[in-house]
Amino acid sequence: MKEELIISGRMNYKVDPSLHIWGWEIPLYLFLGGLAAGVLFFAGLYYLRGKENEYQSAVKWVPMITPFLLAIGLGALFLDLHHKPYFWRLYTTIKLQSPMSWGAWTLMVITPLSIIWSATYIKDVFPKWDWKYKWVDDLVAYFIEYRTQLAWIMIIFSVILGIYTGILLSAFNARPLWNTSILGPLFLTSGLSAGAALIMMLSKNPLERIRFSQIDLMLIAVELTMVIHMFMGFRASTEVQIEAAALFLGGPYTLSFWIFVVFIGMLLPAFLEIWELKGNHIPAYIPAVMIISGSLMLRFIIVHAGQASRYLY
Amino acid sequence: MRYAMAVDTKKCVGCSDCVVACQTENNVPIGYCRDWVVEITHGTYPQLELEIRSERCNHCDNSPCVRCCPTGASHYSDGGIVLVTEDKCIGCGACISSCPYDARYPHPDGHVDKCTFCIHRVQKGQKPACVEVCPTKCMYFGDLDDPNSDVSKVLKKRKFKTLIPEAGTKPQLYFLI
């Protein structure tokens, strides 16, 4: 029998005995970014489909939460930096090969865009709203004229934001669990699903709720397919990826992943939504909260488990 | 010019002189290290085989850390040496996650830190501190493009391996076996 015992003299902070450079800040940001991307995507989509008045929550008022979601996410990102006074260096260069650089610039577009989009609808949602300054009124009136263009840009950048949160991780081939190209689409789908769940939860319109419940069902089916494909890919890959998959298939993350992400985050809400679409009454917030918490847990578990997966040499 | 280092696993006794020399030369904060010693025991008793390696940043030709750095702080310098510009580094940790060798760490001052192949010494024609102090002379440093450099000569003579070549990083730290 061949055995191997490795003793390393290295014990660097946040690197040894296993990598833990990213704590709660990055997964929280990935979740909030994905959630905001989901909400903004549907706002843009249903505006362009002319459903502005039919789906008022999706188009008009739920997007007003996104500047706050993005601000909290950016705050978490800032807290994660070890060399905080130099954060502005992100914006002195564009590095095409660095997903983090793409993300920084995408946020630079989508954060102001979410504020502008919200501003154009603020008088619809709060009729007594007064901008106080005429130039702000003029500026908002100017943007209202270009809503179609704004919606298109918002759809494109929300997809980039949603998918980049996964690509950020999948670009690291040093961490076999992250190094799968399905992570980008999986995080995008999870973000869209959480966004749809938030709209469903906050909407007062039954037709809108049903529409977003149907959307969520479809997205959950896509997510489940991707999760299965991810593990099939790992199991058919090299030893390091087989070991990475083992973290979820009997390893230390098995219970948390399958219970919090797959069962509570996908299967149970899907079941409840089918139940409701069949005519039974289930408070909308129950499946919605489950989907959103599953989306959050997915980020936390993947970020933490990924750091535990590595090459052994 | 392409700087590289070779470590003779048959000569290394794991004394950690290289580690201490590096910490002193580069003012590495207490509790951290830019190079380290790994001891690997293969087999079961009594058929045991021990390999001792002095490891550090591999100064890869295809460095994932340089690729993923969002600010350009991680970059290639003279002879392919991979360096971090401290006042460009935001300490995001992307490069630390990207390194399959875990050769980088967050410096207490905030920026990311790692082996520099002692570029400040190399530019003066000296050897890196770890190579200089090794009591068994198990380390070789030099320019791979120069056939007469220590590292070129020893790699011509001896069998060698690199660590995790399957990661595609094209590492420039060679281990003589």
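Is A:Phe172 buried or exposed? In this predicted model, A:Phe172 has a relative accessibility of 2% and therefore counts as buried, since the limit for that class is under 20%. A:Trp178 is likewise buried, at 0% relative accessibility.

Over all chains, the count of aromatic pairs comes to 28. One of them joins A:Tyr55 and A:Phe212, whose ring centres are 6.1 Å apart and whose planes meet at 70°. Planes over 60 degrees apart count as edge-to-face, so this pair belongs to that class. The positions of the two residues in the chain deserve attention. A:Tyr55 lies in the loop between helix H1 (25–48) and helix H2 (56–61) of chain A, whereas A:Phe212 belongs to helix H8 (residues 206–235) of chain A. The pair therefore ties together parts that are 157 residues apart in sequence. A:Tyr55 is buried, with a relative accessible area of 6%, and A:Phe212 is buried at 0% relative accessibility.

The rings of A:Phe172 and A:Trp178, the residues of the opening paragraph, have their centres 5.8 Å apart and their planes at 45°, so this pair is tilted. Elsewhere in chain A, one aromatic cluster is formed by A:Phe231, A:Phe234, A:Phe248, A:Tyr253, A:Phe257 and A:Trp258.

The charged end of A:Arg299 sits over the ring of A:Phe187, 4.6 Å from the ring centre. In chain B, the charged end of B:Arg53 sits over the ring of B:Phe175, 5.6 Å from the ring centre.

Two packed helices are described by the angle between their axes and the distance between the axes. H1(A) and helix H7 (residues 183–202) of chain A pack at an angle of about 65°, and their axes are 7 Å apart. The two helices are therefore roughly perpendicular to each other. H1(A) passes H7(A) in a right-handed crossing. Among the residues that make this contact are A:Leu30, A:Gly34, A:Gly38 and A:Phe42 of H1(A), together with A:Phe187, A:Gly191, A:Gly195 and A:Ile199 of H7(A).

The last stop is in chain B. B:Thr116 is found in the loop between strand S7 (112–113) and helix H4 (119–122) of chain B. B:Thr116 is buried, with a relative accessible area of 17%. Which residues are in contact with B:Thr116, leaving aside its neighbours within four places in sequence? They are B:Asn26, B:Arg34, B:His59, B:Ile81 and B:Leu83.

Key:
Residues numbered from 1 in each chain as written. Chains lettered and ligands numbered in written order. Predicted model: local features only at pLDDT ≥ 70, side-chain atom pairs only at ≥ 80, totals over all residues. Heavy atoms only, no water. Phe/Tyr/Trp six-rings, centres within 6.5 Å; stacked < 30°, edge-to-face > 60°. Helix = DSSP H or I, 4+ residues; strand = E, 2+ residues; numbered from the N terminus. Buried < 20%, exposed > 50% of the residue type's maximum accessible area, 1.4 Å probe, protein only. Lys NZ or Arg CZ within 6 Å of the ring centre and 35° of its normal. Axes fitted to C-alpha atoms, helices over the stretch in contact; angles between N-to-C directions. Parallel < 35°, antiparallel > 145°, perpendicular 65-115°, else oblique. Left-handed = near helix turned anticlockwise from the far one by under 90°. Contact = heavy atoms within 4.5 Å.
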